[in-house]
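Open the model in your viewer and keep the sequence panel beside it. Each stop gives a selection, then what to look for.

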Amino acid sequence: MSDTSTPVVIHRADYAPPAFLIDSVALEFDLVPTRTIVRNTMRMRRNPGAVRAPRLELLGEQLELVSVAVNGAPHAAARAHEHGLTLDDVPDAFELTIESACAPAENTTLSGLYVSSGNFFTQCEAEGFRRITYFLDRPDVMTTYTVTLRADKTAYPVLLSNGNLIEEGDLPDGRHFAKWEDPFKKPSYLFALVAGQLVALEERIKSASGKEKLLQVWVEPHDLGKTRHAMESLIHSIRWDEERFGLELDLDRFMIVAVSDFNMGAMENKGLNVFNTKYVLANPETATDTDFANIEAVVGHEYFHNWTGNRVTCRDWFQLSLKEGLTVFRDQEFSADMAGGASNEAARAVKRIEDVRVLRQMQFAEDSGPMAHPVRPESYVEINNFYTMTVYEKGAEVVRMYQTLFGRDGFRRGMDLYFKRHDGQAVTCDDFRVALADANGRDLAQFEGWYSQAGTPRVSVWTNYDATALRYTVTLKQGYGDVAPAARETQTGPLLIPFAIGLIGRDGADMPLRLDGESAAAGTTRVLEFTGTEQTFTFVDVREEPLPSLLRNFSAPVVVEYDYTAGELAFLLAHDSDPFNRWEAGQRLATRELLALAARAAQDAPLSLDDSVVAAFARVLNDETLSPAFRELALMLPSEAYLAEQMAESNPAAVHRARQFVRKRLAAALRDDWLAIHERHQTPGAYAPTPEAAGHRGLKNLALAYLAELDDPAEAVKLASAQYAEANNMTDRAAALSALLAASTAQETPAAESALADFYRRFEKEPLVIDKWFALQATQRGTAARPVIEVVRNLMTHPAFNLKNPNRARSLIFSFCSANPAQFHAEDGSGYAFWAEQVIALDALNPQVAARLARALELWRRYTPVLREKMRAALEQVAAQAKSRDVREIVEKALV
Ligand code: ARG
Ligand code: ZN
């Protein structure tokens, strides 16, 4: 953390197998917050598959060495240093016993062993285990663990670790112990322990082969009533993996534990998943529909890791996407199946649209900046900086493309072969690709490009219709846009792009498709395998000039360039049989209008929007054949961040003005529709977080948000106040509060202030809801008289604010810096000064969280000159003061 020398860059090409192996490890913990003693006994031997090393190098950080013994005798040739422990003169096979101490109560990094709300927790991925004991802390060293926990029985009645509980009992002086054994070999990053005052919701189920399983969701006693949804999500996950992939839970017991101080979302430790409370706790009063859906997704994600990550793990951290991309793909499919089943295409499309929205907004941006990296990175300074949208979300798209190419059955065959070959091993992305290829009798050498090339591919499309020959040609050309030079270097040749396409006739119906050379037409969507730099596909028997529906269901993570007219987009929005592309047509139409308006706003020119655009959106809004959830997504404009990124020079203020202009226009033009929708989509009766009910609430609350944009917001204030007061669930209450805040920008209203105060009083004892209270204020619009930076600075002094708690820091600081672009990028640079202060303050406490915040300025070069210069100054300030290699890697790459 205090390393201020030149950063050490780790390269994928330098991988070498470990010089020693560990056959078993026994850990004994004497858990005391200020000084925990760890006794670590390892059976070690030289790795026959590695070059003979002169000495044994164990990794360790922030540890105090107490003693070292080899085969039971004190070992003099041991030297502890900043990065670990070096042992000379070790035999070829031996038992090594190391005693060391660490200080969990002082550990604000939340990596390794730490204390949260008086309880002990661990987080070892990626390199936290070395902060617990000296070890070969790398994922290709797998071994079996026996763990003994000893602690005061009153303060820490519950003692948990991986695997099965094999013994427990009392000790002198009011202490007790528990001994856990994990029968499966695992890398150190999957180790976990939890100790403290916790209670569990329990269920017993039988797995597919009839074995009894104990499921537990552990939380602090006052949260027990919020665990039902997580438990149900876990049971659904177990069933889904059995059915879809034939994968069964391999342990007798599976535990989820919630912790309120956590750097990320959750962690898949073997048999003992540790979760951010945000992804466990829910009841209708405290959690929104989005929270309920996120819990289901994250519970699924971590559970699915048991096979994709734990049983088969990564050889080194460059292969992170092997487990993360694959597991995100699996959780996306799980959520889609839970929402609509395998055959409900409309419900699946909603999930698909939501996922693509995130990908395009965040991953495409990452790909265009200084942190651009391939799905399988070539180098890193701090691996925690590479838990990215590229590794996770683009990685999931890469996995999805196998399924698009081979179908569900072919994908399943590939997964089966992958497990048959690699169960119990630490492997690479190549191993996965080759298993998929072999199982389907294909050579997928070209597909490697998706793992090795950084940047977002662009596919340009030209079409031509020959009315006499009834032939329609589609020419595709692939390449990349502007990227950082380091990313450019990785771009070595054309990719294999599965390009799904349909052709739509004048009646709005799909045409049957027959490619030149085929004997008959088959299907109405075809996946073209686009492998060249430029390639032409010819459809025959095309009775009239069609409108192409390109990249259906977003069949590859690329940007498609095609010159649709506004009229054609409106037609696709009304008729495309592919629900994803229907939504996409609306987004293209809106993006085009919004960018044109933003360009005018930047010149202070007057703004106007053609009636035909409003009419196209009105048609979708009132199309009762479409689900409410779909209509909500279709009427949601592209985000300000996404739009700013599409400009030659990002101008957040101009984008904000343009987008607000369109929102107000849609609000006014469709006022009666919004009112009717707000009334019609009420969900009376008990709250249920089903996708259907959530869809109604989503559309209803979108209507409320639009009504709050009216120049006279009185009506919206009335509706929102009533909705706030009567809500029986957090979705409606938070939406009402948000509408009140929005309405008060046009006209200061006491309703907003009093609802805010009420919200705080009502939920004072619910940290996750207070996070929402902070976030709503940090993302509000603000006025010239009261810019949001003032609100935020003021909230930083609120007694409930706590920089050490990542959820709280994210709710206020990150929300402002990353989710309120128009206010954050204020021309006076006040947002950037605040950002620099907070990155530096966080850096001293928690480098991982600080580094995430540091990324808020990484696209600085793409902004208008005034903003750019102020951003550079803020970055330079952080570069001069940051101590952690986490933050330094981010700001130094940004400034290159
Ligand atoms: N493997 C976890 C997940 O995605 C993420 C943990 C990452 N933690 C970290 N500190 N980098 O499910
Ligand atoms: Zn994961």
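Predicted model: local features only at pLDDT ≥ 70, side-chain atom pairs only at ≥ 80, totals over all residues.

**Stop 1: ligand 1.** Select ligand 1 and the residues around it. The shell has 13 residues, and Glu125, Met264, Met267, Asn384 and Tyr387 come nearest. Two elements give two or more residues each: strand β20 (266-267) and helix α2 (289-304). Now colour the shell by class. Five residues are nonpolar, four are polar and four are charged.

Stop 2: An unreviewed UniProt entry annotates it as "domain: Peptidase M1 alanyl aminopeptidase C-terminal". Switch to cartoon.

**Stop 3: helix α18.** Select residues 730-746, the 17 residues of α18. From first C-alpha to last, the helix reaches 25 Å, close to the expected 24 Å. Is α18 largely enclosed or open? Of its 17 residues, 15 are buried, so the rest of the structure largely encloses α18.

**Stop 4: Ala739.** Centre on this residue. Beyond its neighbours within four places in sequence, Ala739 is in contact with Leu704, Ala705, Ala708, Ala716 and Ala720.

**Stop 5: the largest nonpolar core.** Zoom out from Ala739. This core holds 262 residues, and Val257, Ala720, Ala739 and Leu740 touch the most other members. Finish on helix α5, residues 389-422. Helix α5 gives the most to this core, with eleven residues.

Notes:
Residues numbered from 1 in each chain as written. Chains lettered and ligands numbered in written order. Near = placed C-beta within 6 Å. Helix = DSSP H or I, 4+ residues; strand = E, 2+ residues; numbered from the N terminus. Nonpolar A, V, L, I, M, F, W, Y, C, P; charged D, E, K, R; others polar. UniProt positions renumbered as here; feature names shortened; annotations may be inferred. Expected span 1.5 Å × (residues − 1). Buried ≥ 20, exposed ≤ 12 C-beta atoms within 10 Å, placed from the backbone. Core = buried A, V, L, I, M, F, W, Y, C linked by C-beta atoms within 7 Å. Contact = placed C-beta atoms within 7 Å.
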